[in-house]
Amino acid sequence: MAELIPWYYTSGSGIVLVLQTIFLFSIVRADLPGSWELIVQDAGIASMHTAVTRFNTVILLDRTNIGPSRKALDRHRCRRDPKDAALKRDCYAHSVLFDLGTNQIRPLMIQTDTWCSSGQFLSDGSLLQTGGDKDGFKKIRKFEPCDPNETCDWVELQDTELITGRWYASNQILPDGSVIIVGGRGTNTVEYYPPRENGAVPFQFLADVEDKQMDNLYPYVHLLPDDDGGNLFIFANSRAVKYDHRINAVVKEYPPLDGGPRNYPSGGSSAMLAIQGDFTTAEILICGGAQSGAFTARAIDAPAHGTCGRIVATAADPVWVTEEMPFGRIMGDMVNLPTGEILIINGAQAGSQGFEMGSDPCLYPLLYRPDQPIGLRFMTLNPGTVPRMYHSTANLLPDGRILLAGSNPHYFYKFNAEFPTELRIEAFSPEYLSPDRANLRPEIQEIPQIIRYGEVFDVFVTVPLPVVGIIQMNWGSAPFATHSFSQGQRLVKLTVAPSVPDGVGRYRIQCTAPPNGAVSPPGYYMAFAVNQGVPSIARWIRIVS
């Protein structure tokens, strides 16, 4: 069956071939795991940046300088900007709040331009949002989420701004709760929020890997758990370093990853595999990317790469192990699933990132199974029908589904095009949510709301069928998803004891919290009980010092 997928997805001629294609398409779709659903027909904006809050709401963000969106602001609320080329008086929303419980959309007010900005949740659960274009270049914003019945909104900080303007930067929360902000277009420095005394610090590595098309943008930044939280794995273009933010120094250079540039605008993606065991090992996965120079050549039909590189970033002598995806892919999104597997979704099979620079949408999600041997790690899943390419996002939801939003390959909103601006919100359900696994799905009955590092605590769950084996407790962060990289994404598998029966269908699981902030930076996490590969609905839990 797998051999049919590339064949029937190509174009053909003749009625017989068309009928054969439709027939095979229906067979393949029926046989492949996963299911799709349309949640919202029109969100009003195309989300370039997406983040899930602990109140089970979703923040969607676009640019402010695109002219009218499809969602009006509340009455008498307008943004006035005499320098805006599209609208001097803008009464349209460019950010909205989506309530997962009711599927309702509430407009939010954003004042400065968030085009290609960066973000990260802070330890108190508020979303820090930094940089952008034009009047947003040095701006710092915060969104303190609230109950869906309340009216929280964006706040633009007046007393603090970025030391260096940042466009296409990456953020990562650190063990002490501060945030490092790395790079940006023409900005080869790092800085921190709250600001540090030494201000913006030169980061020569970003300058060294810069090329003619600036493949050092949106660097992949992962906090390593190998010591007390000083080291970051930072990848840009085709190279990576271990960076100690405490002394502002590169302490290790990794070997280059073959296969061409991987960062914006070449559109690969990266995720860190689940942290588990003794929490001293971190493996990084980087997949896809455009052909070298495709962006500057505007080679929209240049086939994307299908290679992935995987490296043990904490090893003494790390090397890349490469493998091949079933499809070449740019602009894909990588999502850490509660099981420890990784979903690769969205994107295109040709071109590069940028306005009207991609073609041949890749509608097939892939499941990456890290514990399988090379050659068996990728599983092709049920394809969607909505192309999601440039400026699209994917986020894990507390119920285990994946939220898909955005896709605007055009400078402004454009609905009459081969790949129009996309306002629909969808959800993809992995196979673990299929009806035939419902009897395995645990339900968390009791769990602490606040946990301290190293604390031993109990979780009580119910399961329809008797438990066989270990019920895992895995918790995942809520990242800031944008431009094929989820900033701050992390999944930690807790140390657990075998579940103990505690009544009919009820079990007690003794868990041990991670030892420090290098493993789990302080903040809110979605805690999942996972039984035989089937996750519960998550409960939000906060870890503190």
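How many bridges join strand β36 to β43, and in which sense do the two strands run? Seven bridges join β36 (residues 471-477) to β43, and the strands run antiparallel. Before going further, a word on the ground rules: this is a predicted model, in which local features need pLDDT of at least 70 and side-chain atom pairs count only at pLDDT 80 or more, while totals for chains, interfaces and linings use all residues. Residues are numbered from 1 along each chain as its sequence is written, and side-chain values use heavy atoms, with hydrogens and water left out.

Strands here are DSSP runs of E with at least two residues, and helices are runs of H or I with at least four residues, numbered from the N terminus. Two strands pair if DSSP finds at least two bridges between them. Strand β43 spans residues 523-531, and eight of its nine residues are buried, so the strand is largely enclosed by the rest of the structure. Buried means under 20% relative accessible area, exposed means over 50%, and partly exposed lies in between (1.4 Å probe, protein chains only).

A UniProt annotation from an unreviewed entry, "domain: Galactose oxidase-like Early set", covers residues 441-543. UniProt positions are given in the numbering used here, feature names are shortened, and such annotations may be inferred rather than shown by experiment. Over residues 441-543 the chain is 0% helix and 55% strand, with its end C-alpha atoms 25 Å apart.

## A six-stranded open sheet

Another place to look is an open sheet of six strands in the order β7-β6-β3-β2-β37-β38, with antiparallel pairing. Its edge strands, β7 (105-108) and β38 (485-487), each pair on one side only. Neighbouring strands of this sheet are turned by 20° against each other on average, direction ignored; axes are lines fitted to C-alpha atoms, for helices over the stretch in contact, and angles run from 0 to 180 degrees between N-to-C directions. Within the sheet, β3 and β6 run antiparallel and are joined by five bridges, and Thr57 has Asp99 in β6 as its bridge partner.

## Disulfides and other cysteines

A disulfide is a pair of cysteine sulfur atoms within 2.5 Å, and by this rule the count comes to three. With bonded cysteines counted along the chain, they follow the pattern 1-2, 3-4, 5-6.

| Disulfide | S to S distance |
|---|---|
| Cys78 to Cys91 | 1.9 Å |
| Cys146 to Cys152 | 2.1 Å |
| Cys287 to Cys308 | 2.1 Å |

The link of Cys78 and Cys91 is right-handed, with 100° about the S-S bond. This pair links distant parts of the chain: Cys78 is in the loop between β3 (57-61) and β4 (79-80), and Cys91 is in the loop between β5 (89-90) and β6 (95-99), 13 residues apart. Cys78 counts as buried at 13% relative accessibility.

The link of Cys146 and Cys152 is left-handed, with -75° about the S-S bond. Both ends are buried: Cys146 has a relative accessible area of 8%, and Cys152 has 11%.

For Cys287 and Cys308, the torsion about the S-S bond is about 115°, so this disulfide is right-handed. It, too, links distant parts of the chain, from Cys287 in strand β21 (residues 283-287) to Cys308 in strand β22 (residues 307-312), 21 residues apart. Cys287 is buried at a relative accessible area of 5%, and Cys308 is buried at 0%.

Cys362 is in no disulfide; the nearest cysteine sulfur, that of Cys308, is 12 Å away. Cys362 is buried, with a relative accessible area of 4%.

## Nonpolar cores

A nonpolar core is a set of buried Ala, Val, Leu, Ile, Met, Phe, Trp, Tyr and Cys residues joined through side-chain atoms within 4.5 Å. The largest has 54 residues, of which Phe98, Ile402 and Ile425 touch the most other members. A second, separate core of 41 residues includes Phe233, Phe279, Val492 and Ala527.
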